Amino acid sequence: MTKVRDQHHEKDARAKILSFLTKLTEDDTSVGLHIEKMVQAADKRARTGRVDLGLRAVLYLLETGEAEKTYVYAGTWEHDEAIARAKSRVLRVNPVNGVAELIDVGAPKPALRAPQDRATPGHPAEPTRAPAPPVLVEREYRESDLVDELGLTPQLAAQLMAAATAEDILQLADTMENEWQSAALLGLAVGDAVHKIRQDLGFGADAEPENTADGAERTEDEELVRSLAHPASQMQFNPIDGADELRRAIEGQDFSAWRVFLHPEQRKYATRPYNGAFRLSGGAGTGKTVVLLHRANHLQQQNPQARILLTTFTRALAANLSRDLERLNPEVSLTDRLGEAGVQVRGIDALAASVRDRAMGDFGDIAQQVLGHRVDRGATYRPNSDGWKEAVQDVDTELPPEILHPTFFEAEYLQVILPQRLTTREAYLTVRRPGRGVALDRKKRAQVWSIVQHYRDTARALGRLSFAEVAEIGAAWLERERAVAGDGSGLADHVLVDEGQDLTPSHWKLLRAIVPVGPNDLFIAEDSHQRIYGHQVILSRYGIRIVGRSRRLTLNYRTTEQNLRFALGVLDGAEYQDSESGEEGLDGYRSARLGPRPVLRPAPTDAAQYDQAAELLREWDEQGVDPGTVAILVRTNKTAQLVRQRMDERGVETVLLTAAKRNESRPVVLTMNTAKGMEFSHVLLFDVSLSSMPLAWLTDRLAVEEANDLLLRERSLLYVAASRARDVLAVSWKGDASTLLSGAQSLGELG
Ligand SMILES: Nc1ncnc2c1ncn2[C@@H]1O[C@H](COP(=O)(O)OP(=O)(O)OP(=O)(O)O)[C@@H](O)[C@H]1O
């Protein structure tokens with residue numbers, strides 16, 4: 001049985017479809033199924049089957065041997081529509097690119113829709129006022145390239161040549177019946193060259209012989225079965241083995257597509273072996289996490305004995321990864337112990353803590369090498385930012401204010417002092433400080449060290465350790481263990497990292513110490529535009545050499561093109577570096593869906609902004625939006641509490657969320673930081689005002705280099721927040737809008 005990417009059915013219909021398909025897999029002659037061959041159908045393989053009184057499934061039967069049957073399930077529709085589809089659609093192998101596709105041989109060519117008709121399912125059509133300026137198509141291809149190189153039909157090629165704007169092409173992409181066609185059109189819309197589209201979709205990569213093993217020519221049905229295995233076919237058709245897999249594929253609906261239908265590029269990165277560390281970058285919502293989950297699963301299936309570590313920035317995100325890995329494969333073998341066969345899923349700091357537990361008494365001794373003093377077993381953990389404010393205040397120095405700043409010290413410690421394991425003033429006086437903008441002469445260094453020493457002495461007296469210190473000491477201990485054992489096998493065979501852009505040098509050193517250099521050692525998913533915590537890290541400094549093994553995903557699966565453009569508008573004008581010190585671009589990002597433009601809601605006063613937010617939440621509720629998929633995102637914890645309270649006063653129930661965990665039936669209020677890695681159907685970015693973002697006090701009295709980096713992170717934070725919305729995005733502010741919105745504002749509309 002092969003399943004086609006599903007349409008969206010109600011729960012009740014889904015149960016019936018599941019029961020129908022389950023019976024079909026068991027015995028296709030079962031009477032209740034009413035499998036009927038279509039008379040006068042364009043494709044002799046077309047069949048329909050009875051799902052219930054009103055609904056029929058459309059199927060294609062492929063016979064590849066005496067008893068071998070494959071059903072391709074095309075979908076379920078109301079009776080008449082199903083019959084019409086079964087008669088008019090041909091399942092065929094595209095003669096140019098070898099992809100399996102359903103072609104409507106009876107249909108008139110799809111017309112471009114008027115802008116007011118455009119909307120995502122379940123959402124009102126986009127109002128027409130203030131249209132965004134059209135992006136004219138810059139064509140570097142001929143009509144014949146579209147047909148002969150991509151395999152598009154001549155009619156479609158002609159329509160594409162007639163399209164004046166990228167928006168027109170996106171509209172067409174939205175009407176395609178086959179996923180590969182949509183993906184190709186999205187590529188054209190964002191200016192990809194034809195050869196790039198061919199490469200992305202895996203056209204021409206198939207080196208399999210034309211004939212079967214015994215040299216016989218393949219039958220048409222055999223050709224079809226073979227083409228169904230093409231990675232671009234598998235964006236739409238996927239083999240389903242057994243009832244459990246069928247249930248998971250059907251019941252999950254929207255959220256299950258990622259489990260079954262990967263983009264050819266996603267599939268490639270999930271399965272391809274690499275000769276060393278690999279870096280997968282990609283904008284928000286491009287499926288980096290999905291690739292990591294598939295890859296972890298794939299590596300385990302390749303070798304059930306493999307020790308696989310999947311890690312991310314927080315404990316809550318790790319819990320989500322673990323849940324999704326089990327959804328992907330309920331039989332996945334998870335482990336809680338580092339060094340054991342199976343997949344271990346851990347937040348990076350929890351991982352460091354587990355290394356500490358493993359080191360037991362040795363941990364204190366190794367701390368001596370890293371911090372210059374032993375650490376008691378009872379020491380408690382604290383955030384990396386804690387303790388600096390006091391240290392700066394307690395020690396008398398002549399340092400200028402821009403250096404005498406907790407933010408400067410935290411960065412200096414995390415980027416220079418801790419990863420280089422400096423324990424003496426003398427060592428610090430001469431050390432190289434790569435990546436640090438603020439220059440320090442010898443005198444200043446000596447004074448900086450006196451503050452660092454005070455920070456360490458106080459921490460020791462109070463029995464405190466920062467998370468980064470735990471990671472660094474853990475790394476040092478593992479390095480020593482490996483040197484003593486001399487077998488170089490490490491504690492994991494494969495390490496997969498999500499949210500890599502936020503890890504500190506000591507985190508990377510810990511991971512490097514856990515997994516030895518070798519094939520498929522490290523697979524890192526990251527997006528430097530989403531760096532909201534740490535500083536820019538150059539991985540090669542910590543023994544992680546990517547050397548050209550770096551690729552980027554560009555197709556956004558989460559959100560609409562309109563929301564994506566808005567989110568990218570937030571990044572306008574800022575420059576970003578990746579972890580190899582190359583400039584990270586935004587070229588080619590695209591989304592597979594269209595929707596309404598983001599709504600902008602300025603308000604004159606605080607009270608008016610709260611009133612508007614309450615009104616918007618009510619509006620969404622009246623439109624039937626599931627309240628559990630609605631979120632209000634704010635800059636600070638304090639505002640989150642206030643919003644919850646003010647909504648309450650206005651009779652709108654919300655829940656405060658303090659970690660990336662969600663199982664709510666009411667709208668949630670959370671900070672933009674907490675929203676990292678999450679997604680919601682409807683999002684309100686609340687109070688993106690000139691007075692609130694960037695937070696003014698953040699950069700107060702800070703050296704210009706540090707201030708610039710903090711501003712970049714504020715911009716990234718707003719990008720993270722704006723890219724959480726799947727369907728509808730709204731932004732409100734009081735008085736003047738934040739300057740961070742200046743590149744995005746024209747892409748929304750007042751509402
Ligand atoms: N091939 C796919 N088919 C359908 N949906 C997909 C596919 N790949 C990813 N998605 C969906 O797109 C959304 C974003 O995916 P994911 O969280 O993996 O992206 P990401 O790149 O890690 O995002 P972010 O960086 O913003 O955290 C999810 O809802 C996921 O289920």
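Predicted model: local features only at pLDDT ≥ 70, side-chain atom pairs only at ≥ 80, totals over all residues.
How many nonpolar, polar and charged residues does the shell around the ligand have? The count is 7 nonpolar, 10 polar and 4 charged. Numbering starts from 1 along each chain as its sequence is written.

**Confidence**
- The protein chain has a mean pLDDT of 88, with 90% of its residues at 70 or more; pLDDT is the predictor's confidence in each residue, from 0 to 100.
- Residues 108-132 have a pLDDT below 50, and this stretch has 40 contacts in the model beyond near neighbours in sequence (a contact means C-beta atoms, placed from the backbone, within 7 Å).
- For the complex, the predictor gives an ipTM of 0.99 and a pTM of 0.86.

**Around the ligand**
- The ligand is surrounded by 21 residues, and the closest are Ala257, Ala284, Gly287, Thr289 and Tyr557; being near here means a C-beta atom, placed from the backbone, within 6 Å.
- At least two shell residues each come from α10 (257-260), α12 (288-302) and β17 (555-560), and α12 gives the largest share, with 3 residues.
- Those labels are DSSP runs numbered from the N terminus: helices are H or I with at least four residues, strands are E with at least two.
- The ligand lies between domain 3 (262-357 + 472-553) and domain 5 (562-750), because both give residues to its shell; the bounds come from an automatic or database domain assignment.

**Strands**
- An open sheet of 7 strands runs in the order β21-β22-β20-β23-β24-β19-β25, with parallel pairing (strands pair if DSSP finds at least two bridges between them).
- Its edge strands, each pairing on one side only, are β21 (655-656) and β25 (749-750).
- Inside that order, β20 (residues 630-634) and β22 (residues 668-671) pair in the parallel sense over 4 bridges, and valine 634 has threonine 671 in β22 as its bridge partner.
- Elsewhere, β6 (residues 89-93) and β7 (residues 100-104) run antiparallel, joined by 5 bridges, with arginine 89 opposite aspartate 104 in β7.
- β6 and β7 make a hairpin with 6 residues between them, and glycine 98 in the turn has a positive phi of about 75°.

- Most residues other than glycine have a negative phi, and most peptide bonds are trans.
- Aspartate 687 has a positive phi of about 65° and sits in the loop between β23 and α25.
- Aspartate 687 is buried, since 26 other C-beta atoms lie within 10 Å (buried takes 20 or more, exposed 12 or fewer, partly exposed in between, with C-beta atoms placed from the backbone).
- Proline 694 is in the loop between β23 (680-685) and α25 (704-722), and the peptide bond from methionine 693 to proline 694 is cis, with omega near -5°.
- Arginine 421 has a positive phi near 55° and lies in the loop between α17 (406-417) and α18 (425-430); with 17 other C-beta atoms within 10 Å, arginine 421 is partly exposed.

Conventions. Nonpolar A, V, L, I, M, F, W, Y, C, P; charged D, E, K, R; others polar. Contact = placed C-beta atoms within 7 Å.
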